[in-house]
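User: I would like to go through this model with you, starting with the ligand sites. Could you set out the terms as we go?

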Amino acid sequence: MDTGQLLRAQGISKSFPGVQALSKVDFTLRRGEIHALMGENGAGKSTLIKALTGVYEKDAGMVWMNGREIHPKSPLQAQDMGISTVYQEVNLCPNLTVAENIFIGRYPRKRMLIDWETMNRRSQELLERLDLYIDVKQSLSSYSVAVQQMVAIARAVDISNGVLILDEPTSSLDTNEVKQLFAVMRKLRNEGLGIIFVTHFLDQVYEITDRITVLRNGKLVGEFETEQLPRTQLVSHMIGREWNPDDAAGSKQARKGENQPFVIAKGLAKRGSIEPIDLTIHRGEVLGLAGLLGSGRTEVAKLIFGIDKPDEGEFTIDNAMMSSMYPRKAIQQGFGFTPEDRKVAGIVGELSIRENIVLALQAREGLFKALSVRKQKEIADHYIQLLRIKTPSSEQKIENLSGGNQQKVILARWLATQPKLLILDEPTRGIDVGSKLEIRKLILELAGQGISVLFISAELEEMVQCCDRVVVLRDKNPIGELAGADMTEDRIMHMIAEGGLTHDQTGGIGA
Amino acid sequence: MKSLYGRISHNNIIIFATLLLLVLLYGAGSFQYTGFFSQQVFLNLFIDNAYLIIVATGMAFVIISGGIDLSVASIVALVSMVAGSLFQQGANAFVVILASLAIGVLFGLGHGYLIARFKLHPWIVTLAGMFLARGISYLISTESIVISNSFFNEVSQYKIRLFGDGFISISVVIALVVVVAAILGAKYTAFGRAIYALGGSEKSSMLMGLPVERTIVSVYALSGFMSALGGVVFTFYTLSGYSLHLLGMEMDAIAACVIGGILLTGGFGYLIGPMLGVICTGIIQTLIMFQGTLSSWWTKIAIGFLLFLFMAIQRLIVMQKDRGATKSARRKPAATLQNQPKSVNKIGNL
Ligand SMILES: Nc1ncnc2c1ncn2[C@@H]1O[C@H](COP(=O)(O)OP(=O)(O)OP(=O)(O)O)[C@@H](O)[C@H]1O
Ligand SMILES: [Mg+2]
């Protein structure tokens, strides 16, 4: 394989007010390789990508492509030079159709005019290669984040011509989609493309990448061959000290008030989103909802928090029958909810970290009992420290934080309300390895204090570690429950897979 | 072929609502007043409002891009004054038309440049442009100027006969050509689609590699051009220049866009909409004229009411959209089931 240098960056520096996001970083991408860019939340990965592709003007440094120096001033120019990018934040237009999002800026034409038919057909083909069968004539906003992510990838892959950059493309994808994506990435690599890949999933790094560049606090730690770098050492490089995963993991403690039911749902159902389900959440219990994307996990959470209205079923909190639920009532009852799709539903970009954190607390207290700014600052600073949110101060606008740190702020928002029931929908998505374990530890501590947690995660390991009980969902149906020693990753997977495959022994189950 | 019902979607339902309203209003008028249901009454709607159709269509592009242009009415007045004073000095009609259009485009380019380059808010910039244009027309003269150019006179008087004894003016032809070009341009050119993308998300457009600044500058230049063209057509219609012409008409243009289903938040709408909106308000005006005793201010009240109604409809549609926003992909089930368990295992094992 040709190992010639494709893209080389030297001495890249970039600072924002109060933050040195990158200082003198070197980076080399070779032809025909997949190169992981690793680092904790706020290490500077996305900033490096944006500096390379002309979104940010770099303070210092030079970039060469195929040996020639380049100065892209905008993503458009970078594209013309052969660098196509999927940025961390969703970078598509929700009001346009799926097909347009893939082809905008480079429409197929017939007699000077845009040829919609060809565009739709080619989009369909392109997405089918990623195993995605959707109506490309629908507007993008009518699809889930996972689908939108796949569309963004399809667009970048189709444009790519030399260099493809993917900034956390897999954070909202299901396993099957990740598989399809990897298949495409391998094919492109064999064709000689260079791919930069950012993720916080170590398994994915070891599955697909050839080299790893590690950043820490905006500085280059080093470049390594993936095969020669053990995991613990990779993480040690990222966090800057020796890493021992066993130290960090918390353990399930004896719980106060267990077996005291707190929330009981009987036959809760909503047509088209979830079939009747019975759920009991005890005090101080971590109850997991397992299942694939679209199995109804999120839908259950939304019913309980009152975002969606059930068609049927009963709902009691502390033995008191609830005739209806809506989010404000849920908050008053002491519920907290971190939604799955934080990019859309969670952050208020223009507000500061402090304001974002006290938002839910203020909502519960009512608008007229204002919290003093000093008190707000205290709360914010507490959580900034607890969750290791990387920021110069609590007054920073949340949209200036790195993706993972924004996520932590949303988590802090609900922790600050000191809820009785905390609903966590994929709380660790996009969060770095170290903080992930911190958050798991925190969940266990909360449960120890008698707080109930409804926990949703695609990472089964995380589920097994945190949960006391796991309810397994499949195709919008509850299909079983596991607890205690039965609750292993294999068993959960088995149940998820078995629902429709009882006679098929070749389903690749177990491992 | 899909049935009509199948073709109604979230996106075009407002257009259908506007069409329905049009038919209802016109039907009510025909039922109530003799002489309302005549070809010429209908055609007059276009003759009297040709300039507004053009201006509102330009405005629609700006609104779809996520902006607003408050200067349109002043530019029409300025163009009428420039035309008037140039004719006084004996200028040729074509020179006058070219100069008028150039003025509009220059204003638009200025607006666009300030908005794109310095990230200023379009409300502020075009408000300034509105005062500036109105101010310059005062400078030219505070009196109204009568235009007696032979070419303008001829165009003004010329009647294009249709079947029967109906007729339209040349201005109507210009307006219809503009609308057709706008519809095609919006759907079939890269510039048109970039405007929609911009209205959907400016940041995403930039990250996707669209020429954001160029598009912003162009869309305001286009609106300036349309305002100037509207000004020329308006001058054909009134044959006079006056600095107080059409005070507040920018709001009529915005209203026409809203009634025609152009979402003020940007990113949505069909370019046939503004014309339908203009005709709607035109019918209301005609109704009140036929009624005879009501003051013409009732037109404003009716339009205000309609605006509320259409805003409410738009809001409902947006809310509906948000609610239904979680379609996931349909997959080939067999492939999915067999592949998943294995890789679920791989993820998340530290
Ligand atoms: N527009 C901005 N204004 C101010 N500070 C910024 C801006 N963008 C990034 N930063 C800061 O620069 C640092 C690096 O951020 P960056 O987004 O590159 O991190 P990252 O490595 O991508 O993290 P993550 O894994 O969470 O995505 C962070 O401390 C962040 O707060
Ligand atoms: Mg990032």
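This is a predicted model: local features need pLDDT of at least 70, side-chain atom pairs count only at pLDDT 80 or more; totals for chains, interfaces and linings use all residues.

Analyst: Residues are numbered from 1 along each chain as its sequence is written, chains are lettered from A and ligands numbered from 1 in the order in which they are written, and side-chain values use heavy atoms, with hydrogens and water left out.

User: How many residues surround ligand 1, and which are the closest?

Analyst: The shell holds 22 residues, and the closest are A:Lys45, A:Ser46, A:Thr47, A:Ser402 and A:Gly404. A residue is near a molecule if one of its heavy atoms lies within 4 Å of it.

User: What is the split by residue type in that shell?

Analyst: There are 6 nonpolar, 12 polar and 4 charged residues. Ala, Val, Leu, Ile, Met, Phe, Trp, Tyr, Cys and Pro count as nonpolar, Asp, Glu, Lys and Arg as charged, and the others, Gly among them, as polar.

User: Which element supplies the largest share of the shell?

Analyst: Helix 1 of chain A does, with 3 residues. Strand 2 (19-30), helix 1 (45-52) and helix 15 (403-415) of chain A each supply at least two. Helices (H or I, at least four residues) and strands (E, at least two) are DSSP runs, numbered from the N terminus.

User: Which side chains have an N or O atom 2.7 Å from an oxygen atom of ligand 1?

Analyst: Those of A:Lys45 and A:Ser46. For the side chain of A:Gln88, the distance from an N or O atom to a ligand 1 oxygen is 2.9 Å. The protein buries 92% of the 630 Å² that ligand 1 exposes when taken alone; these accessible areas come from the Shrake-Rupley method with a 1.4 Å probe.

User: Now the magnesium ion: what coordinates it?

Analyst: A:Ser46 (OG) and A:Gln88 (OE1) coordinate the magnesium ion (ligand 2) at 2.0 Å. The pair links distant parts of the chain, 42 residues apart: A:Ser46 is in helix 1 of chain A, and A:Gln88 is in the loop between strand 6 (83-86) and helix 3 (98-103) of chain A. Donors are N, O and S atoms within 2.8 Å of the metal (3.2 Å for Na, K and Ca), and sites may look incomplete because water is not among the atoms.

User: Why is helix 1 of chain A described as largely enclosed?

Analyst: Because 8 of its 8 residues are buried. Among them are A:Leu48, A:Ile49 and A:Leu52.

User: Changing topic, which residue follows helix 1, and what is its phi?

Analyst: A:Gly54 follows helix 1 of chain A, with a positive phi near 85°. Most residues other than glycine have a negative phi. A:Asp131 sits in the loop between helix 4 (116-129) and helix 5 (145-159) of chain A and is buried, at 11%.

User: And where is B:Lys119?

Analyst: B:Lys119 is in the loop between helix 5 (93-118) and helix 6 (122-140) of chain B. Its phi is positive, near 50°, and B:Lys119 is exposed, at 60% relative accessible area.

Methods: A polar contact is a pair of N or O atoms within 3.5 Å; within protein, one must be able to donate a hydrogen and the other to accept it, and residues adjacent in sequence count only if both atoms are side-chain atoms. Buried means under 20% relative accessible area, exposed over 50%, partly exposed in between (1.4 Å probe, protein chains only).
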